[in-house]
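Try each task before reading its solution.

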Amino acid sequence: MSSEQNAKSMSIIVTKGALDQAYPPFILATTAAAMGLDVTMFFTFYGLSLLKKDLNLKVSTLGNPAMEMPMMGGHMAMPNVLAAIPGAGALTTVMMKNLIKKNGVASIEELREMTVEAEVKIIACQMTLDLFDYKPEDLIDGPILGGAATYIEVATKSDINLFI
Amino acid sequence: MADEVLDVKGMNCPLPILKAKKKLNTMDANATLQILATDPGAIADFEAFCRTTGNTLLESSEDGGVYAFVIQHTA
């Protein structure tokens with residue numbers, strides 16, 4: 001799908017692995033690829049978990065004070081302190097998944113599949129694999145294993161570089 | 001009448017664009033694709049998509065909450 005007439009390129013550093021935080025990188029990568037850009041994604045730290053074969057993504061209210069959920073015609077605040085209550089994380093995850101379905105938003109699994117289909121180049125951070133004791137076989141097929149230098153080489157040649 | 005029709009009603013960003021691109025890939029040069037969507041963001045998005053890719057946006061209209069776009073596969 002990449003670069004028919006548009007020779008522009010984009011790279012994204014993906015550092016976060018929560019369900020809500022997984023959307024921006026996959027949406028931008030798939031759309032850029034559809035618009036003819038050559039796209040590279042570098043998955044590092046918690047972002048690396050988005051490459052695991054079995055995704056079990058969750059939403060947390062912690063560190064996300066702006067979060068509010070639509071409810072009964074209004075919006076309910078989801079304060080940080082909620083995260084301390086057992087089951088609150090599971091509840092917000094269920095709420096988010098319902099919103100995703102109701103609004104015709106793609107699942108992360110679907111977007112990731114489209115990312116691979118669009119021939120987006122995927123780099124999995126070797127250091128993160130070591131740090132969190134993941135094995136390459138825990139990940140989907142396709143990622144190149146590399147480190148900062150592998151990414152920087154791509155970044156020096158890209159028109160757009162994003163850190164998400 | 002467009003050569004092909006793609007129904008992405010009910011789908012949200014970025015699915016209308018991704019599905020349209022996938023469909024265009026299967027179509028001959030200069031063939032036309034009509035896309036039916038309910039995502040209001042698709043109006044600006046299909047304009048940007050066409051400007052960037054070099055495909056031609058022949059038509060953009062709205063009728064009762066359904067947006068219709070016709071794209072000619074020129075890129």
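**Exercise 1.** How many bridges join strand 3 of chain B to strand 4 of chain B, and do these strands run parallel or antiparallel?

*Solution.* First, a word on the source: this is a predicted model, in which local features need pLDDT of at least 70, side-chain atom pairs count only at pLDDT 80 or more, and totals for chains, interfaces and linings use all residues. Residues are numbered from 1 along each chain as its sequence is written, while chains are lettered from A and ligands numbered from 1 in the order in which they are written.

Step 1: find the elements; helices (H or I, at least four residues) and strands (E, at least two) are DSSP runs, numbered from the N terminus. Step 2: count along strand 4 (residues 66-72), which is joined to strand 3 by seven bridges, with the two running antiparallel. Step 3: check one pair, Ser60(B), whose bridge partner in strand 4 is Phe69(B).

**Exercise 2.** Describe the sheet of chain B and what packs on it.

*Solution.* Step 1: the sheet is open, with four strands in the order 1-2-4-3 and mixed pairing; two strands pair if DSSP finds at least two bridges between them. Step 2: look at the edges, where strand 1 (4-8) and strand 3 (56-63) of chain B each have a single partner strand, so one side of each has no neighbour in the sheet. Step 3: the twist averages 15 degrees from one strand to the next. Angles run from 0 to 180 degrees between N-to-C directions, and axes are lines fitted to C-alpha atoms, for helices over the stretch in contact.

**Exercise 3.** Which elements give two or more residues to the side of chain B that touches chain A?

*Solution.* Step 1: the contact takes 15 residues from chain B and 15 residues from chain A. Step 2: the elements are helix 1 (15-25) and helix 2 (42-53) of chain B. Step 3: helix 1 of chain B gives the most, with five residues.

Methods: Contact = placed C-beta atoms within 7 Å.
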